[in-house]
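Reader: I am new to this structure. Please take one residue and give me a close look at its surroundings.

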Amino acid sequence: MNDDAKLEATAQRLGAQAAERLNVERTVAAVLERLRAEPLSASRWSWRQPSWLRIAAALVILVGGGFIGRRLLVHPGTGAHKVAHFVSDDLRDLSADQLRDVLTTLDETLDLGKGSTTIPDADLEDLDAQQLRVVLRSLEG
Amino acid sequence: MAQPQPIAATPSPAADAALIAAWRGGDEQAAAELVRRHARALARFLAGAGAPEADLDDLVQEALIRAFRAVDRFRGQCQFRTWLLTIGGNVLKDHGRRAGRHKVVALDDRLPARDGNPHERAEAGEAEERLSVGVGALPRLQREVFLLRAQQGLEYAEIAVALDTTEGAARVHYHHAVKRLKELLQ
């Protein structure tokens with residue numbers, strides 16, 4: 001058996017025994033129970049987790065601040081301050097993980113109804129906190 | 001490299017589409033049937049991607065719940081199973097983050113193959129173990145492309161749509177994954 005065939009054969013066995021041990025009917029029952037028990041909004045967002053509350057707050061600041069900042073830049077005469085303020089600067093205390101979550105969530109929010117993501121998760125994985133802040137800032141325009 | 005073959009046949013997309021439409025209309029049994037059709041393939045994908053077996057039930061359920069909740073975003077751009085597997089990949093990524101960004105590598109799914117003599121079984125089990133570790137160490141996109149192709153037997157075009165990339169990029173990811181894994185297995 002050559003290397004390619006050996007790799008394929010091994011890959012096809014990978015996880016097979018764990019999957020065989022899955023109790024499918026128990027899974028069916030558990031999934032149906034959760035679908036009945038959890039309202040749509042509760043299942044999509046785990047608001048009970050404090051980190052999500054923080055991320056949600058950051059999103060509100062980011063989107064709202066970005067909108068206001070853009071208006072000030074487009075109509076400079078209507079605002080008291082002419083210096084652009086980047087909301088991403090206010091997120092300095094977030095970790096790289098939290099920034100990744102903000103970007104992913106923001107991407108999902110902007111992408112609702114489109115069916116595909118615009119920020120590949122794999123790319124975000126490779127960025128450090130500083131680079132993630134640059135991405136956030138770029139989203140503010 | 002020869003065309004990898006799926007172990008379990010993929011259920012008919014037309015039948016899946018009918019079940020999805022029924023679920024959208026509130027038919028709970030349609031959701032149950034979709035779980036029966038795809039839960040094992042999802043479990044195999046997750047276990048292959050490094051899900052700890054102790055958490056496999058929960059991860060399978062979470063991926064299925066997310067899929068049912070987001071089913072309005074599924075427009076038949078790829079097979080339902082492929083779409084579900086990519087959701088499984090996201091669930092596993094979130095699980096890994098919650099676990100403190102440690103690499104999740106299955107420790108329990110190390111039983112040897114059931115056919116062949118004891119020496120062959122031991123050798124196959126060892127190869128599986130090394131491959132499992134190797135797959136767990138691949139970058140996420142390489143890992144998912146490799147599993148969708150080699151383990152699930154999907155075409156590059158299908159993989160590209162599911163992962164929101166191009167067919168060429170999927171081929172490159174697969175090539176890099178195979179190269180690294182072959183080095184590991186030698």
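Author: What follows is a look at one residue, then at the chain around it. The model is a predicted one. The residue is V135(B), found in helix α5 of chain B, which covers residues 118–137.

Is V135(B) buried or exposed? The cut-off for buried is 20 or more other C-beta atoms within 10 Å. V135(B) has 28 within that distance, so V135(B) is buried.

Now its contacts. Neighbours up to four places away in sequence are left out here. Take G50(B). In sequence, 85 residues separate G50(B) from V135(B). In space, their C-alpha atoms are 7.6 Å apart.

Chain B has 8 helices and 0 strands. Of its 186 residues, 45% count as buried. Take the contacts in chain B between residues at least 6 apart in sequence: 66% of them join residues at least 24 apart.

Next, the cores. The largest nonpolar core holds 59 residues. Those with the most contacts inside this core include L42(B), L46(B), V60(B) and V145(B). Helix α2 of chain B, residues 28–48, gives the largest share of this core, 10 residues. Apart from this core lies another, of 9 residues, among them V102(A), L103(A), L132(A) and L136(A).

Last, L42(B). Leaving aside neighbours within four places in sequence, L42(B) is in contact with V60(B), A63(B), L84(B), L85(B) and G88(B).

Note on methods
Residues numbered from 1 in each chain as written. Chains lettered and ligands numbered in written order. Predicted model: local features only at pLDDT ≥ 70, side-chain atom pairs only at ≥ 80, totals over all residues. Helix = DSSP H or I, 4+ residues; strand = E, 2+ residues; numbered from the N terminus. Buried ≥ 20, exposed ≤ 12 C-beta atoms within 10 Å, placed from the backbone. Contact = placed C-beta atoms within 7 Å. Core = buried A, V, L, I, M, F, W, Y, C linked by C-beta atoms within 7 Å.
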